[in-house]
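Subject: Structure handover

Hello,

Here is the structure I promised you. Please open it before reading on.

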Amino acid sequence: MAVLEVTNLGISFGGLRAVDGFNVKIEEGQLYGLIGPNGAGKTTVFNLLTGVYKPTDGKILLCGKDITGKTTAEINREGIARTFQNIRLFKGLTVLDNVKTALMNKYKYSTLEGILRLPKYRKVEKAMNERAMELLKIFELDGQADYLASNLPYGKQRKLEIARAMATEPKLLLLDEPAAGMNPNETEELMNTIRFVRDTFNLTILLIEHDMKLVSGICEEIYVLNFGRELAKGETSEVLKNPEVITAYLGE
Amino acid sequence: MELVKYLINGISLGSIYAIIALGYTMVYGIAKMLNFAHGDIIMVGCYVVFICMSNLGIGAIPSIILSVVICIALGMTIEKIAYKPLRKATSLAVLITAIGVSYFLQNSALLVFGANTKSFTNVVTLPSLTLAGGELIISGTTIVTVVCCIVIMLALTLFIKKTKAGQAMLAVSEDKDAAQLMGINVNGTISLTFAIGSGLAAIAGVLFCSAYPTLTPFIGSMPGIKAFTAAVFGGIGSIPGALIGGILLGIIEILGKAYISTQLSDAIAFAVLIIVLLVKPSGMLGENIREKV
Amino acid sequence: MKKTTKQTLITLGMVLACYAVVEILMALGLVSSLMKGVLVPVCIYSLCAIGLNICVGYLGELSLGHAGFMCVGAFSGALCTKFLEGFIHNKAILFIIALFVGVCMAALFGFLIGIPVLRLNGDYLAIVTLAFGEIIKNIINNIYIAKDGSGYRFAFINSKTIELGEEGTWILNGPQGISKIPRISNFTIGIVLILIVLVISYNLVNSRTGRAIMSIRDNRIAAESIGINVTKYKMLAFVISAAIAGAGGVLYAHNLSTITATPTNFGYNMSIMILVFVVLGGMGSFRGSIIAAALLTLLPEMLRGLSDYRMLIYSIVLIAMMLFNWAPKSREWRDMMVEKFKEKRLKKEVD
């Protein structure tokens with residue numbers, strides 16, 4: 001069964017049709033790319049999938065379950081996690097706490113148990129710490145666990161955001177321009193990490209990216225969006241050769 | 001006839017709220033901040049007029065002009081010292097600063113003028129109008145207040161539509177950064193907005209004290225908060241909204257006092273604010289972006 | 001030991017040490033009656049500041065209505081004591097019941113007000129909490145409760161509907177408030193309350209719940225994206241914050257024999273004063289809140305000439321703190337100082 005199946009998704013802002021007739025089917029374990037020129041509606045698709053915007057029409061199925069119209073928090077609990085184009089970390093919290101916050105729906109104790117520091121609190125907090133450190137290690141952030149998130153360098157902030165999204169144990173991970181602002185070395189490293197988490201956790205990933213080296217390097221299939229509509233989709237190397245796609249990117 | 005009398009009183013009070021609300025609405029539209037100290041500028045304006053007339057024996061009109069000038073200077077100074085450095089700060093920090101300024105003005109006035117209530121002499125000498133065979137008396141103050149309000153609204157609308165500075169205000173309220181790139185002096189425009197708002201506050205203060213002649217260092221805060229309610233009611237950022245919101249709030253308050261309870265009149269005004277914010281946070285004319293300042 | 005545990009213990013130790021010092025000074029007769037008079041208020045303000053800090057410092061929403069919750073706590077606590085006075089003579093039990101009732105009522109009001117208020121953000125939220133605070137005060141000023149031979153009488157707005165029989169007494173007489181409340185509060189009770197509230201607050205913010213609350217403050221959209229129920233945790237923080245202010249209110253009511261809901265007691269001014277403590281002490285620092293509350297209450301009392309300028313000082317503190325924290329020039333200066341400090345340390349290490 002497909003992890004994500006979207007049919008005829010669309011949204012209008014006033015008279016503007018930002019996304020129209022978006023159809024996509026992503027199988028488990030696949031790394032899927034979503035590309036398109038600026039303003040094509042890529043981030044809007046992410047916002048629709050995660051419930052930030054309510055779609056005007058269409059249907060979103062996650063592992064066969066209809067999640068259309070649910071709130072962002074509910075959708076995350078169903079199994080979609082995301083990162084943001086403009087990094088959104090919890091700046092006042094430490095790196096470790098950023099990840100621990102995201103673990104909260106998997107590792108539970110009540111507020112009262114927390115205030116009274118009952119044994120369950122200690123047990124769960126310990127498990128949370130261990131799990132969070134494991135995740136940080138994957139992203140090579142374990143050395144900076146006590147840093148404030150805002151004090152991390154840019155590249156590491158992007159990684160922390162992915163680690164935080166991973167902590168919610170998603171079935172589908174949405175990455176919004178994960179390599180934006182990174183130098184070639186960092187991008188290379190990021191590609192390896194993304195591949196690694198996909199293989200280790202058998203994760204399904206949909207990513208938006210402008211860096212074609214990254215896209216062609218790790219995405220098995222891509223979907224090209226232009227003016228809110230599908231321009232092409234299919235195997236990465238094929239699509240990137242498509243003259244229409246090249247025109248959309250480079251102009252006539 | 002009772003009802004008509006209350007309605008007229010309501011419109012009169014509402015006109016004052018509307019003039020104060022203009023100050024809130026313009027500053028909110030342009031600087032995206034709630035200028036908590038706006039109400040206290042009213043108080044300063046009142047004290048200036050009071051001292052000029054009672055202690056220095058200056059006539060009403062020159063006193064008012066002086067008061068407007070002082071309030072404009074005060075508004076611009078406050079903006080420069082307290083708000084300008086915080087352009088990039090969080091809205092929480094700006095709000096706390098504004099509260100600090102409000103508190104500073106109140107307590108400075110308390111130290112300078114004392115806590116004693118001063119009785120304000122009505123500056124309006126216009127005779128009252130008797131209608132319906134003596135059953136309905138409209139005081140001169142009411143007439144002057146309503147006329148002032150209408151004149152100010154018209155003048156301000158014209159100013160924004162017809163002058164370069166007014167157009168700059170519209171631009172800054174739309175997008176500060178883009179306006180800057182188009183060569184608009186953003187800081188100057190914000191400063192001008194504060195100046196206009198503060199000048200209007202002085203006039204509103206004089207009208208308010210002419211109708212309710214007790215002057216204390218704290219008189220500004222209640223009408224201030226209520227005028228903010230009016231601004232939200234009409235849709236913050238909208239000039240006609242401030243007028244409609246102000247007059248509706250004035251009428252609601254007077255009718256509430258007359259028919260429900262005098263003691264609860266403030267609670268009623270606040271309840272209106274809460275209901276408006278919850279039901280239609282953008283206010284009645286809030287979506288009217290074209291009029292946004 | 002974990003860093004957070006250490007922080008908690010340091011703060012608790014600080015409070016206990018202050019308590020010990022004051023008690024010793026009192027035993028030696030070194031504390032003037034004027035000073036004695038402000039000891040309980042210091043505790044009251046500290047409690048309220050801790051409560052407000054949860055709302056402002058951790059949740060990141062400005063409430064200007066905390067005096068309203070304090071008012072609810074004070075009046076419900078005092079009423080409870082007045083009702084039970086005849087039946088329970090043990091003062092400690094009387095106070096504990098009053099505290100329970102006051103805290104619960106403040107929490108209930110926090111919840112009821114929170115339902116509409118927490119849908120708003122920023123400036124609007126602040127002004128609506130202010131409005132609610134004023135409404136609470138306004139309504140309490142219009143409630144009349146009396147007792148006579150035939151039982152309890154209630155009235156709203158119009159006190160004339162109550163015709164008191166012989167030996168009838170007013171319990172809550174509208175704007176005249178509640179009088180003849182037994183004065184149970186004292187410094188020790190205040191300190192015990194502070195310690196309890198500190199432990200609750202520290203444990204709260206260092207738990208799963210606390211992290212959820214802070215994540216909403218730092219980035220609401222990101223918090224939603226990791227599955228946090230924003231409404232629930234906003235409400236939780238707001239209610240706990242209100243409940244703590246309620247505890248401060250109960251302490252307040254039992255420190256005075258008469259309480260009235262005037263603007264200076266429970267109005268907007270009180271909310272601002274508590275806000276000053278929170279801002280000066282540092283948003284997000286409970287220890288700072290207590291220190292600021294104690295300093296700003298004691299200083300004007302000690303330097304008698306200052307007490308006239310107290311409010312003026314408060315306002316300057318607010319403005320100065322915000323400018324210091326946010327003005328570009330002051331930020332540059334602070335960064336420079338931090339760099340210098342680092343260099344010095346580096347040099348030391350090299351040496």
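This is a predicted model: local features need pLDDT of at least 70, side-chain atom pairs count only at pLDDT 80 or more; totals for chains, interfaces and linings use all residues.

Residues are numbered from 1 along each chain as its sequence is written, and chains are lettered from A and ligands numbered from 1 in the order in which they are written.

Chains first. Two pairs of chains touch, and chains B and C make the most contacts. A contact means that two C-beta atoms, placed from the backbone, lie within 7 Å. Chains A and B do not touch. Their nearest C-alpha atoms are 13 Å apart.

Now the B and C interface. Here 32 residues of chain B meet 35 residues of chain C. On the chain B side, helix 4 (91-113) and helix 11 (265-279) each supply at least two residues. Helices are DSSP runs (H or I, at least four residues), numbered from the N terminus. Helix 4 of chain B gives the most to that side, with 14 residues.

Last, a helix pair in chain C. The axes of helix 6 (residues 187-205) and helix 9 (residues 230-253) of chain C come within 11 Å and cross at roughly 175°. Axes are lines fitted to C-alpha atoms over the stretch in contact, and angles run from 0 to 180 degrees between N-to-C directions. Helix 6 of chain C is therefore roughly antiparallel to helix 9 of chain C (angles over 145 degrees count as such). Helix 6 of chain C brings C:Gly190, C:Leu193, C:Val197 and C:Leu204 to the contact. Helix 9 of chain C brings C:Ile240, C:Ile244, C:Ala247 and C:Leu251.

Best wishes

Note on methods: Angles under 35 degrees count as roughly parallel, over 145 as roughly antiparallel, 65 to 115 as roughly perpendicular and the rest as oblique.
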